[in-house]
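This report describes selected features of one structure.

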Amino acid sequence: MQQSMAEIADYLARIDEKLDDVLRAQTNQVLARMDGVDLAIKEAMSVRTSVGRVSEVTWSKVQNSAQTIHETQGYALRQLADLADKLDRKSKVGELAKIAKDAEVEVEKWLTVLARCFQLHDAVALPELHRVMDASPDELDQHRLGLRAARQDRLELMSASTEILLTNMLEAARTANSKVLFNPTQSPAVIKSGNQVAIEIRDFHEMLGIEARSQSSEARPWSEAAAESWDKTRATSAQSVDNVKQFGSETGARAKSMTSKLSGKLSDRSLRRRKDGDEPVESS
């Protein structure tokens with residue numbers, strides 16, 4: 001756990017270097033409560049170093065602070081879930097482009113918060129084990145296994161949440177690709193934002209040791225979509241011309257047939273009039 005905490009610290013340092021002032025201020029506002037938890041843990045370990053044990057009083061301070069980690073983690077997961085839902089509900093490329101652009105910033109922020117929460121969960125486990133070792137040493141191994149299982153549950157929860165977001169982002173990218181012909185600017189923007197989110201999630205997974213399944217989407221060239229659309233239009237037009245020709249031929253044939261029949265009827269009628277003496281006489 002100590003090694004994992006160190007790796008998370010490196011990850012947070014790398015993220016912090018990339019944040020602009022506005023995003024750093026927003027992130028710090030959420031993480032400020034986590035700093036209080038961190039101070040309580042460090043104080044407990046300092047006391048433990050001095051007196052050789054984690055007393056009930058010392059542990060109670062850490063235990064009360066641990067609730068803050070759960071609340072912050074839950075809030076961050078809810079924010080990611082909201083982003084995933086927004087992507088799932090929209091189908092217009094313009095709306096997807098806006099949400100995807102916002103997601104670039106929001107995802108990085110909330111992944112940072114989740115990483116910090118995970119780090120502090122591990123940090124809390126250290127004084128907790130020392131407390132169990134002092135109060136109930138016979139239960140130490142069982143408690144350690146329990147902490148390991150709880151840690152795995154957190155990994156699976158974070159993995160599931162980020163995978164849903166990534167899946168919806170990739171689906172948005174596919175939608176944008178299918179509509180690139182009429183959205184040559186916004187569609188590539190959705191792809192660009194989606195790929196950035198995929199990179200952020202991949203880095204987060206690698207840092208926590210989660211098996212990465214993230215993919216990137218390649219923006220479909222507008223010219224490719226235009227060519228395909230033109231081919232379809234041309235094929236449709238050609239078929240329409242053939243249909244018109246066929247219809248014209250059939251109509252002409254029917255017209256000739258009708259003319260022949262009409263001429264025949266008129267000839268028969270004229271012949272009957274001659275026989276009956278009804279044929280009109282021209283005036284001189």
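Arginine 154 lies in helix H5, which covers residues 140-178. The model is a predicted one. Arginine 154 has a relative accessible area of 13%, and because this value is under the 20% cut-off, the residue counts as buried. Apart from neighbours within four places in sequence, arginine 154 is in contact with Gln73, Phe118, His121 and Asp122.

Methionine 207 belongs to helix H6, residues 186-208. This residue is likewise buried. Beyond its neighbours within four places in sequence, methionine 207 contacts Glu7, Ile8, Tyr11 and Ala115. The C-alpha atoms of methionine 207 and serine 4 are separated by 8.4 Å, although these residues are 203 residues apart along the chain.

The values for the two residues are set out below.

| Residue | Helix | Relative accessible area |
|---|---|---|
| Arginine 154 | H5 (residues 140-178) | 13% |
| Methionine 207 | H6 (residues 186-208) | 8% |

The largest pocket holds about 200 Å³ of space. Helix H3 (56-89) and helix H4 (93-135) are the elements that each give two or more residues to its lining. H4 gives the most, with six residues. The lining of the largest pocket consists of Gln79, Asp82, Leu83, Lys86, Lys90, Glu95, Lys98, Ile99, Asp102, Glu106 and Trp110. By class, the lining residues of this pocket comprise seven charged, three nonpolar and one polar.

Definitions and conventions: Residues numbered from 1 in each chain as written. Predicted model: local features only at pLDDT ≥ 70, side-chain atom pairs only at ≥ 80, totals over all residues. Heavy atoms only, no water. Helix = DSSP H or I, 4+ residues; strand = E, 2+ residues; numbered from the N terminus. Buried < 20%, exposed > 50% of the residue type's maximum accessible area, 1.4 Å probe, protein only. Contact = heavy atoms within 4.5 Å. 1 Å grid on protein atoms, 1.4 Å probe; cavity = no way out; pocket = protein on both sides within 12 Å on 5 of 7 lines; lining within 4 Å. Points joined across faces, edges and corners; volume = space filled by probe spheres on them. Nonpolar A, V, L, I, M, F, W, Y, C, P; charged D, E, K, R; others polar.
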